[in-house]
Amino acid sequence: MMNNSRKKPAEGFLMINVDASYDAAVGVGSTGAVIEDAAGGFIAAAHSYIPHVVDAAMAEAFALRDGLLLAQQIGCNRVEIQVDCMEVVTTMNEGGFSATTAAPIYDECCQHWMDFAAISISHCNRDCNLVAHELARQALLDKSSFVWVDDPLILSYNCL
């Protein structure tokens, strides 16, 4: 049985939740990422519209990439990532190798991954990933991209 409660990050880490949406009818996708502190407080969020996506697996890989980029943008290098796509978790835990259409995106994720001092990824239930899911859904509906950051100067100090 899967745990439906949200996992809190370890002391000194931030939690990144990422998710993707995909519309097979027109070949578009979107991503959502949200970063929270150990108390569940909002740190940053982003959503991104992707005009050309081959499949849902590619959209999920883009979501991971966007979460990593958001963490780097706010200057944080100690993160725990939660995603509700087991393929993303397995791929990254096995070194990022993929023989799918998402291979180039996973290669990029691996490059970003190495820039973090401490990083991990785990699977979570969709119920624990609702904010990232809603961000991705909204980006797909609006065909928009946006980043929200609380205070990057304070975050840079606290995340190093």
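Is lysine 143 buried or exposed? Lysine 143 is exposed, with a relative accessible area of 56%. The points below concern a predicted model.

1. Lysine 143. This residue sits in the loop that connects helix H4 (130–142) to E6. Lysine 143 counts as exposed because its relative accessible area, 56%, is over 50%.

2. Tryptophan 148 and the nonpolar patch. Strand E6 covers residues 146–149 and includes tryptophan 148. Together with Phe42 and Phe146, Trp148 makes a nonpolar surface patch of about 300 Å². Tryptophan 148 has a relative accessibility of 33% and therefore counts as partly exposed.

3. Glutamate 60. Helix H1 (residues 56–73) contains glutamate 60. The residue is buried, yet has no salt bridge. Arginine 126 is the nearest side chain of opposite charge, and it is 5.3 Å away; a salt bridge needs a side-chain nitrogen of Lys or Arg within 4 Å of a carboxyl oxygen of Asp or Glu. Not counting residues up to four places away in sequence, glutamate 60 touches Asp19, Ala20, Val83, Asp84, Cys85 and Val88. Two residues in that list, Asp19 and Asp84, count as negative, as does Glu.

4. Cysteines. The structure holds zero disulfides. Cysteine 85 is in none, and the nearest cysteine sulfur, that of cysteine 124, lies 11 Å away. Cysteine 85, one of the residues touched by glutamate 60, is buried at a relative accessible area of 15%. For cysteine 109, the closest cysteine sulfur belongs to cysteine 110; at 7.0 Å this is too far for a bond, because a disulfide requires sulfur atoms within 2.5 Å. Cysteine 109 is buried, with a relative accessible area of 0%.

5. Histidine 112. Helix H3 (residues 103–113) includes histidine 112. With a relative accessibility of 15%, histidine 112 counts as buried. Leaving aside neighbours within four places in sequence, its contacts are Arg65, Leu68, Leu69 and Gln72. Histidine 47 is 65 residues from histidine 112 along the chain, and the C-alpha atoms of the two are separated by 18 Å.

Conventions:
Residues numbered from 1 in each chain as written. Predicted model: local features only at pLDDT ≥ 70, side-chain atom pairs only at ≥ 80, totals over all residues. Heavy atoms only, no water. Helix = DSSP H or I, 4+ residues; strand = E, 2+ residues; numbered from the N terminus. Buried < 20%, exposed > 50% of the residue type's maximum accessible area, 1.4 Å probe, protein only. Contact = heavy atoms within 4.5 Å. Patch = residues over 30% accessible without salt bridge, like charges linked within 9 Å, V, L, I, M, F, W, Y side chains within 5 Å. Areas by Shrake-Rupley, 256 points an atom, 1.4 Å probe, with all protein chains shown as cover.
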